[in-house]
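The following questions and answers are meant for a reader who is meeting this structure for the first time. Please keep the sequence and the model in view while reading.

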Amino acid sequence: MGKAEVEQCEILKDRGDNAYKVLARKAYERGRSLYGIRQDNPTPYYIIAKSRVFLNRTMKALDILQIGLRISPNSPEMLVLLGDIYATDQDTRQKAIEAYSRALEIKSGDSDFARVVEKKMQRMSDTNIIN
């Protein structure tokens with residue numbers, strides 16, 4: 001459930017609905033409870049990290065995400081989130097490209113996924129910042 005909540009946050013935020021903040025806090029709490037159950041599962045790290053991004057806790061999100069990537073280094077979702085975080089800073093844009101490229105490589109057969117990631121890369125290129 002937590003993963004769906006953080007994905008819903010993105011939709012709400014894109015619509016300008018501040019309810020995403022409440023939902024992000026709920027997702028964070030759910031991720032924390034899942035983390036307490038199984039620390040070897042990468043999903044709680046993704047949930048916690050993504051909810052932290054929505055709550056403007058980017059550095060904390062990055063720390064959590066890096067732990068999750070140690071457990072599951074080939075998680076395309078976590079790599080895209082890592083790219084999103086790196087894309088927000090001009091100094092780490094090359095790292096964003098590397099994370100996005102790795103995610104695309106892992107999910108090479110998924111055209112919908114590729115379209116989303118390529119759009120993020122294009123937006124980063126066009127505007128010097130993502131999201």
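Q: In which helix does L34 lie?
A: The model is a predicted one, in which local features need pLDDT of at least 70 and side-chain atom pairs count only at pLDDT 80 or more, while totals for chains, interfaces and linings use all residues. Residues are numbered from 1 along each chain as its sequence is written, and side-chain values use heavy atoms, with hydrogens and water left out. Helices here are DSSP runs of H or I with at least four residues, strands are runs of E with at least two, and both are numbered from the N terminus. On that numbering, residues 19-37 form the helix that holds L34, namely α2.

Q: Is L34 buried, exposed or partly exposed?
A: Buried means under 20% relative accessible area and exposed means over 50%, with partly exposed in between, using a 1.4 Å probe and protein chains only. The relative accessible area of L34 is 31%, so L34 is partly exposed.

Q: Which residues does L34 touch, not counting residues up to four places away in sequence?
A: Contact means heavy atoms within 4.5 Å. L34 and I48 are 14 residues apart in sequence, and their C-alpha atoms are 9.7 Å apart in space. With residues up to four places away in sequence not counted, the residues that L34 touches are P44 and I47.

Q: How do α5 and α6 run relative to each other, roughly parallel or roughly antiparallel?
A: Axes are lines fitted to C-alpha atoms, for helices over the stretch in contact, and angles run from 0 to 180 degrees between N-to-C directions. The axes of α5 and α6 are 8 Å apart, and the packing angle is about 160°. Angles under 35 degrees count as roughly parallel, over 145 as roughly antiparallel, 65 to 115 as roughly perpendicular and the rest as oblique. The angle therefore makes α5 and α6 roughly antiparallel.

Q: How do α1 and α3 run relative to each other, roughly parallel or roughly antiparallel?
A: The axes of α1 and α3 come within 9 Å and cross at roughly 25°. That angle makes α1 and α3 roughly parallel.

Q: Is E5 buried or exposed?
A: E5 is placed in helix α1, which covers residues 2-15. Not counting residues up to four places away in sequence, E5 touches L23, K26, A27 and R30. With a relative accessibility of 9%, E5 counts as buried.

Q: What is the phi of N56 near?
A: N56 is found in the loop between α3 and α4, and at 59% relative accessibility N56 counts as exposed. Most residues other than glycine have a negative phi. N56 is a residue other than glycine with a positive phi, a value near 60°.
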